[in-house]
Amino acid sequence: MAQRCHVCGRGKMFGNNVSHAHNVTKRVFNPNLQRVRALVKGSVKTIDVCTRCLRSGKVEKAARGRGRPATA
């Protein structure tokens with residue numbers, strides 16, 4: 001799976017592990033992606049979204065159910 005947010009495009013970043021003895025090795029910072037059922041252009045799709053987009057309300061989550069309309 002590509003480590004990329006469907007909404008904002010946030011992807012993995014690269015850096016270094018630095019030990020106490022200052023030994024430096026490469027490492028990867030992956031985004032915190034969640035697989036979410038969301039409304040995309042009026043239809044329900046399963047997309048990978050970072051938690052920052054979920055928390056800020058950029059994603060409209062799809063309702064779970066059996067397809068029956070809600071009665072009030």
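Let me start with strands E3 and E4, which run antiparallel and are joined by eight bridges; two strands are said to pair if DSSP finds at least two bridges between them, and the strands themselves (E, at least two residues), like helices (H or I, at least four residues), are DSSP runs numbered from the N terminus. Before I go further, please keep in mind that this is a predicted model, in which local features need pLDDT of at least 70 and side-chain atom pairs count only at pLDDT 80 or more, while totals for chains, interfaces and linings use all residues. Residues are numbered from 1 along each chain as its sequence is written, and side-chain values use heavy atoms, with hydrogens and water left out.

Staying with this pair, E3 and E4 form a hairpin with two residues between them. Is Lys-41 buried or exposed? With a relative accessible area of 86%, Lys-41 is exposed, where exposed means over 50% relative accessible area, buried means under 20%, and partly exposed is in between, all with a 1.4 Å probe and protein chains only.

Now look across the two strands, where Arg-35 stands opposite Asp-48 in E4. How many salt bridges does a search of the whole structure find? The search finds one, a salt bridge being a side-chain nitrogen of Lys or Arg within 4 Å of a carboxyl oxygen of Asp or Glu. The partners are Arg-35 and Asp-48, whose closest N and O atoms are 3.1 Å apart. Since Arg-35 lies in strand E3 and Asp-48 in strand E4, the pair ties together parts that are 13 residues apart in sequence. The two side chains also make a polar contact, at 3.1 Å; that term covers a pair of N or O atoms within 3.5 Å, where within protein one must be able to donate a hydrogen and the other to accept it, and where residues adjacent in sequence count only if both atoms are side-chain atoms.

Leu-33 and Gly-11 are 22 residues apart in sequence, and their C-alpha atoms are 9.5 Å apart in space.

Let me turn to the other hairpin, in which E1 and E2 pair in the antiparallel sense over six bridges, with five residues between the two strands. His-22 lies in the loop between strand E1 (13-18) and strand E2 (24-29), and although His-22 is not a glycine, it has a positive phi of about 65°. His-22 is exposed, at a relative accessible area of 58%.

Across this second pair of strands, Gly-15 stands opposite Arg-27 in E2. Arg-27 in turn lies over the face of Phe-29, at 3.8 Å from the ring centre; a charge sits over a ring if NZ of Lys or CZ of Arg is within 6 Å of the ring centre and within 35 degrees of the ring normal.

In the segment before E1 we find Lys-12, which counts as partly exposed at 44% relative accessibility. Lys-12 and Thr-46 are 34 residues apart in sequence and 20 Å apart in space, taken from C-alpha to C-alpha.

Finally, a word on the cysteines. How many disulfides does the structure hold? The structure holds zero, a disulfide being a pair of cysteine sulfur atoms within 2.5 Å. Cys-8, for example, is in no disulfide, and the nearest cysteine sulfur, that of Cys-5, is 3.6 Å away; Cys-8 is partly exposed, with a relative accessible area of 40%. At 2% relative accessibility, Cys-53 counts as buried.
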